[in-house]
Amino acid sequence: MNLKLKRVVRTPHSEEIAIFDGDTRDENNQAVNIGKLEVHFLDDQIVGTLLLWQEFAQGYKAIHGAGSEETIDDLIDAILTEVAEPLGLPAEYGIEVYYPSVTNQLFISNYSGDEGEDEEEYDDEESADDSDEGAPEKDDDYYRKLLNRP
């Protein structure tokens, strides 16, 4: 899997990171959003919450090949390694993992101006591929079509 992590929000001690599968593309040829991670950096550990869209988790084997030995746990380990190791942070972490439905997920704000202006690539090595910029307004369209929902 070609993980792409995009920092959505950053504070001095926490981050919200959108997670994309660069190998799976939607009808607009954009990497499909598979979840998000919210992490809080403490002196001796990382704590947070990982949300992987239920539709992605259920179809993981079908999307990545039934013959694959990779499990959803391997994917979770890869995501957490991507966040912790490059920053040289403590190896200890406590992350809660949930599988909510992307079709029930909403973002509500009273912000003025354009959304997403402050998004930045989490991993500088991935920033060479700009095909993921300007993601469609509804990241969940890919999964809605899989489930045949409006």
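Author: The largest nonpolar core has 23 residues, where a nonpolar core is a set of buried Ala, Val, Leu, Ile, Met, Phe, Trp, Tyr and Cys residues joined through side-chain atoms within 4.5 Å. The structure is a predicted model, in which local features need pLDDT of at least 70 and side-chain atom pairs count only at pLDDT 80 or more, whereas totals for chains, interfaces and linings use all residues. Residues are numbered from 1 along each chain as its sequence is written, and side-chain values use heavy atoms, with hydrogens and water left out.

The residues with the most contacts inside this core are Ile19, Leu37, Val39, Leu50, Leu75 and Ile79. Two or more residues come from each of strand E1 (3-11), E2, E3, strand E4 (46-52) and helix H3 (72-84). Helix H3 gives the most, with seven residues. Helices (H or I, at least four residues) and strands (E, at least two) are DSSP runs, numbered from the N terminus. In soluble globular proteins, nonpolar side chains tend to be buried together.

Leaving aside residues up to four places away in sequence, Leu75 touches Met1, Leu3, Ile34, Leu52, Phe56, Tyr60 and Glu70; contact here means heavy atoms within 4.5 Å.

The charged pairs come next. A search of the whole structure finds four salt bridges, a salt bridge being a side-chain nitrogen of Lys or Arg within 4 Å of a carboxyl oxygen of Asp or Glu. Arg7, Arg10 and Glu15 are linked in a network of such bridges. Glu15 is buried, with a relative accessible area of 5%, and Arg7 is buried at 7%. Buried means under 20% relative accessible area, exposed over 50%, and partly exposed in between (1.4 Å probe, protein chains only). Glu15 also forms a salt bridge with Arg10, the closest N and O atoms being 3.2 Å apart; Arg10, at 54% relative accessibility, counts as exposed.

A further salt bridge joins Lys36 to Glu16, with the closest N and O atoms 3.7 Å apart. Lys36 lies in strand E3 (residues 31-41) and Glu16 in strand E2 (residues 14-25), so this pair ties together parts that are 20 residues apart in sequence. Lys36 is partly exposed at 22% relative accessibility, and Glu16 is partly exposed with a relative accessible area of 22%.
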